[in-house]
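Me: Please take me through this chain, one feature at a time. I would like the general idea before each case.

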Amino acid sequence: MNLEKLVRAFSEYDYLVLTRGPNLAYAVGMPDAVGLVIELKTGQATLYVSRLDYARARSIAVVDKIVAISAVEVPPRRPGEELVIAPSFIDLAKKLDGRVASDSRELGVDISAEIMELRAVKDERELGVIKEALKITERTYERLTHIKLAGLRERDVAALILKWFLEEGADGIAFDPIVASGPNGAYPHYRFGDRKISPGDSIVIDIGAKKGVYCSDMTRTLGVSPVLKDAVYAVYEAVKAAEKAAREGVPASEVDKAARDVLAEYGFAQYFIHSTGHGVGVEVHEMPRVSPSSKDVLKRGHVITIEPGVYIEGVGGVRIENMVYIDGGAVVLNSMPSIL
């Protein structure tokens with residue numbers, strides 16, 4: 001995965017110790033491992049896992065050494081199994097002798113922010129996996145456009161999305177699906193419920209498949225009701241303005257402002273109540289932040305979302321969300337139209 005990047009980034013230390021699931025996903029593709037120790041002078045990486053995950057780790061994790069850790073030994077040991085008995089990985093890692101950098105303050109110098117910055121810049125391999133995840137998401141949207149949604153409950157649609165993700169090759173979901181019909185579309189972080197979709201409803205659908213450990217994130221508003229027609233065009237123009245503003249070296253706050261200014265021109269400023277976007281990687285929300293208060297500057301290799309929205313309580317909502325790769329300018333990764 002990204003072990004070489006980590007070794008280069010933290011070479012001033014003797015050890016790098018990772019304990020957080022997203023960082024373990026980034027480093028070795030195994031977020032449910034217990035911990036990772038990298039000897040930075042040699043680059044040797046030792047992955048610690050539960051005994052239950054030992055055989056699986058040996059089959060998928062590209063590291064120098066895999067060690068099972070357990071508080072007590074329950075026989076038998078399997079042939080060749082390397083097992084250490086310790087109260088916890090933290091207790092074990094505390095015995096390292098030297099300068100330790102870690103995403104746990106208990107273990108050494110906290111380099112969590114530096115890892116987040118490292119994770120934010122994607123290489124071609126990472127970008128390729130993210131594109132695969134997005135293709136799965138778009139194929140699922142395509143299937144949604146070919147069925148009659150009216151009469152289904154929101155949870156029925158969410159169930160279809162999860163089923164189709166797996167059929168299309170997803171390895172998981174980036175987050176719980178949002179299927180917000182009618183007035184529920186006014187709640188940006190609504191999930192789904194028992195409401196039946198009625199003819200003429202607008203339906204905000206925000207979904208993201210995972211491929212490997214990498215996420216996608218995409219929103220479309222289906223079946224736009226006449227009362228929200230102007231909002232749809234305003235949000236569409238806001239997306240395009242933000243995509244045009246997004247380029248290498250530009251403060252993320254300026255991208256947010258580009259979207260916000262368009263919505264203000266259309267008279268919808270008071271209905272846009274969240275930031276314009278965020279980075280996407282092994283977590284669906286990571287650096288950089290695309291918000292009015294963001295101090296982040298866009299870099300080549302960033303993958304961000306652009307997702308302005310309009311939310312009118314008692315009426316409904318509109319959101320369009322694309323994924324963008326910063327390669328000098330903004331490269332929109334989505335192939336599906338913004339308005340379905």
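**What covers helix H5**

Reply: The cover over the buried residues of H5 includes strand E1 (15–18), helix H2 (21–28), strand E15 (286–290) and strand E16 (303–306). Helices (H or I, at least four residues) and strands (E, at least two) are DSSP runs, numbered from the N terminus, and contact means heavy atoms within 4.5 Å. The model is predicted: local features need pLDDT of at least 70, side-chain atom pairs count only at pLDDT 80 or more, and totals for chains, interfaces and linings use all residues. Residues are numbered from 1 along each chain as its sequence is written, and side-chain values use heavy atoms, with hydrogens and water left out.

Me: Which residues of helix H5 are buried?

Reply: Buried means under 20% relative accessible area (1.4 Å probe, protein chains only). In H5, residues 112–120, these are Ile115, Arg119 and Ala120. Seen down the axis of H5, they fall within an arc of 140°, so they line one face of the helix; the arc is that of the directions from the helix axis to the C-beta atoms.

Me: How many of the 340 residues of the chain, in percent, count as buried?

Reply: For the chain, the figure is 51%. The chain has nine helices and 20 strands.

Me: What radius of gyration does the chain have?

Reply: The radius is taken over C-alpha atoms, and the globule rule is 2.2 Å times the number of residues to the power 0.38. For 340 residues, a compact globule would have a value near 20 Å; the chain has 22 Å, which agrees. Its C-alpha trace spans about 65 × 45 × 30 Å along the principal axes.

How values were computed:
Buried means under 20% relative accessible area, exposed over 50%, partly exposed in between (1.4 Å probe, protein chains only).
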